[in-house]
Structure formats: structure tokens, C-alpha cells
Amino acid sequence: MGQMMAVQSVWRAPAKLNLFLHILGKRPDGYHELQTCFQFVDLCDEITLQVRADGQIRRAVDIPSVPPEADLCVRAARALKDAAGSTLGADISLLKRIPIGGGLGGGSSDAATCLVALNVLWGINFPPEKLAALGLKLGANVPVFVHGRASWAEGVGERLTPLYPPRAPDEANYLILKPKVFVSTAAVFQDPELTRNSAPITIHGFLASGGRNDCLGVVRRRYPEVAHALAWLSLFGSARLTGTGACVFLACETMDLGQEIMRKMPPEFEGFLARGLNDSPLLEGLRAG
């Protein structure tokens with residue numbers, strides 16, 4: 001096979017929802033101290049990895065909106081290769097299903113999946129904590145995807161406590177709407193009107209009474225399309241913003257109910273029905289070898 005090796009595998013990289021997001025303050029390093037709960041959903045990107053013997057890391061599929069040097073999959077593979085001193089490489093193919101710029105963590109999930117999968121395929125065997133530390137340099141959401149369990153998160157999102165939200169996975173169905181707008185997370189966090197002084201809450205407090213998204217007011221003001229999507233989805237229940245958006249979501253008792261709401265959806269929105277997952281499909285991939 002020349003420079004190509006026989007080892008090839010396909011991995012699913014899930015999206016996430018922030019069930020709440022509180023901002024406690026701004027840190028000396030410029031980042032923000034957060035509290036949130038990450039819930040995975042079965043809306044997944046698909047990553048195919050082909051091990052190379054020549055050490056090259058290449059994208060096998062071009063993504064027009066993302067140059068190779070900014071591609072989190074490529075950056076993750078290079079970070080792991082450098083940290084381990086591996087002589088192997090990989091061809092990386094990404095089938096994108098998670099909307100970009102939607103607050104669903106697709107890029108972070110893709111990066112985490114490459115870290116975890118190549119750690120196995122290259123025979124490196126770093127522990128999850130070391131992979132998470134490498135991932136944190138790529139993005140604050142990467143560690144939760146590396147560990148692969150629904151979690152309570154603090155710090156910038158890297159201090160994780162596995163947490164199974166109160167609804168069982170087979171009961172947690174979500175309708176996710178993506179308005180046709182790209183939200184800049186950096187712009188939201190730099191906005192002078194952003195709430196930065198929420199009081200800390202406990203896991204027990206969240207499970208008892210839920211929480212809110214402190215980014216919501218700023219996102220509504222800056223992005224009328226998101227405000228419109230949230231107002232429309234709120235006609236059917238307690239709609240929420242995930243991360244800084246643009247996506248908004250609604251928990252549905254059944255998939256049938258979600259489909260019924262989607263049939264009424266205005267054409268300016270893209271809609272997804274997804275099932276909540278407390279364990280990432282990445283863990284299934286590891287168990288499958």
C-alpha cells in the first residue's frame with residue numbers, strides 16, 4: 001500500500017448542548033470562569049482516519065470554509081504527534097453534519113475524536129487526562145469530548161464532574177433549530193453588557209431548579225435571527241440557547257412531538273431532531289477496539 005497502512009477506521013463525533021451556562025467572572029488570563037452542564041446528542045460528524053507510514057498528516061476531504069492550518073482535526077493530530085514523538089501520520093476525512101458556528105461544539109468534538117482515535121491507532125496510549133490537557137490548548141470544550149461523558153463543568157469548561165442529567169437518555173429528545181447566522185463567541189464574551197457576576201451554584205441546585213444562559217441577552221440583541229428562532233420555538237415549550245448560539249433547542253417528550261413541531265418550522269431555520277446521550281459514541285468506538 002506504499003505509504004498507506006492497513007489501519008483505517010470510522011469514528012462518530014457528537015454535538016453537545018449546554019443545558020445552562022453561568023458566567024461567574026473574568027479571570028486574570030482574559031478567559032471567563034463558567035459553570036455549565038454538557039449533554040451530548042446523537043447529531044454526529046463522521047471522521048475516517050487512515051494511518052500513514054510516512055508521518056504526513058493530510059486532509060483527504062477539503063472544507064472550503066476552513067483552511068488546513070485552522071482545521072481542528074489537523075491541529076489535534078499534529079499536537080498529539082508532537083507530544084508523543086510518533087513517526088506515523090494520517091489521512092483525515094471529515095463528513096460534516098453538525099452546523100458550524102451553532103454553539104454545538106462540532107469543531108471541538110472533531111478535535112477530541114482525532115486525539116482519542118489516533119492515540120489508539122498510533123499505539124501511543126496516553127491516558128485521557130493527558131489527551132484532555134492537549135485538547136484544552138485547542139479549545140475549552142475539547143476536554144469534555146475527550147472524556148466522553150455528560151458532565152458538570154467549571155473553570156473555562158475543563159474541570160469536569162460526570163453527571164447524568166435527570167432525564168434518562170431514551171427520554172431526552174431534542175429539537176434543535178439553527179437560524180441562518182454565524183455567532184462569534186469572541187464577540188459575545190467581549191460585549192460590555194455580558195453578565196459576568198453570577199453567583200456559583202451547586203450540582204444539587206441545578207438539578208433541583210435548572211439554570212439559565214447568561215449569554216442570552218447579548219446574543220438576542222446582537223443577532224435578531226437568534227431572537228426570532230428562540231421566540232418561535234418558545235411557542236412550544238421552554239426553549240433554550242446552547243453556548244453562545246446560534247442554535248436554540250427544546251426538550252421534547254417524544255420524537256413524534258419533535259417531528260410535529262418541525263413540520264410547522266419556518267423556512268429560515270434549519271432543524272434537527274436528536275436524542276440525548278450521556279455517553280459519547282466515542283466511548284463505543286473505543287470499546288469496539
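A charge sits over a ring if NZ of Lys or CZ of Arg is within 6 Å of the ring centre and within 35 degrees of the ring normal. The legends below describe close-up views of a predicted model.

**View 1. Lys130 and the ring of Phe126.** In this predicted model, the charged end of Lys130 is placed over the ring of Phe126, at 4.2 Å from the centre of that ring.

**View 2. The aromatic pair of Phe20 and Trp152.** The structure contains seven aromatic pairs, and one of them joins Phe20 and Trp152 in a tilted arrangement, with 5.4 Å from centre to centre and 35° between the planes. This pair links distant parts of the chain, since Phe20 belongs to strand E1 (residues 4-26) and Trp152 to strand E5 (residues 151-155), 132 residues apart. Phe20 has a relative accessibility of 1% and therefore counts as buried, and Trp152, with 2%, counts as buried because the cut-off for this term is under 20% relative accessible area.

**View 3. The aromatic pair of Phe40 and Phe145.** The ring centres of Phe40 and Phe145 lie 5.6 Å apart and their planes meet at 40°, so this pair is tilted. Because Phe40 is found in strand E2 (residues 32-52) and Phe145 in helix H4 (residues 142-147), the pair ties together parts that are 105 residues apart in sequence. Phe40 and Phe145 are both buried.

**View 4. A cluster of Phe20, Trp152 and Phe206.** Ring pairs connect Phe20, Trp152 and Phe206 into a cluster, which includes the tilted pair of Phe20 and Trp152.

Notes
Residues are numbered from 1 along each chain as its sequence is written. This is a predicted model: local features need pLDDT of at least 70, side-chain atom pairs count only at pLDDT 80 or more; totals for chains, interfaces and linings use all residues. Side-chain values use heavy atoms; hydrogens and water are left out. Rings of Phe, Tyr and Trp (its six-membered ring) pair if their centres lie within 6.5 Å; planes under 30 degrees apart count as stacked, over 60 as edge-to-face and the rest as tilted. Helices (H or I, at least four residues) and strands (E, at least two) are DSSP runs, numbered from the N terminus. Buried means under 20% relative accessible area, exposed over 50%, partly exposed in between (1.4 Å probe, protein chains only).
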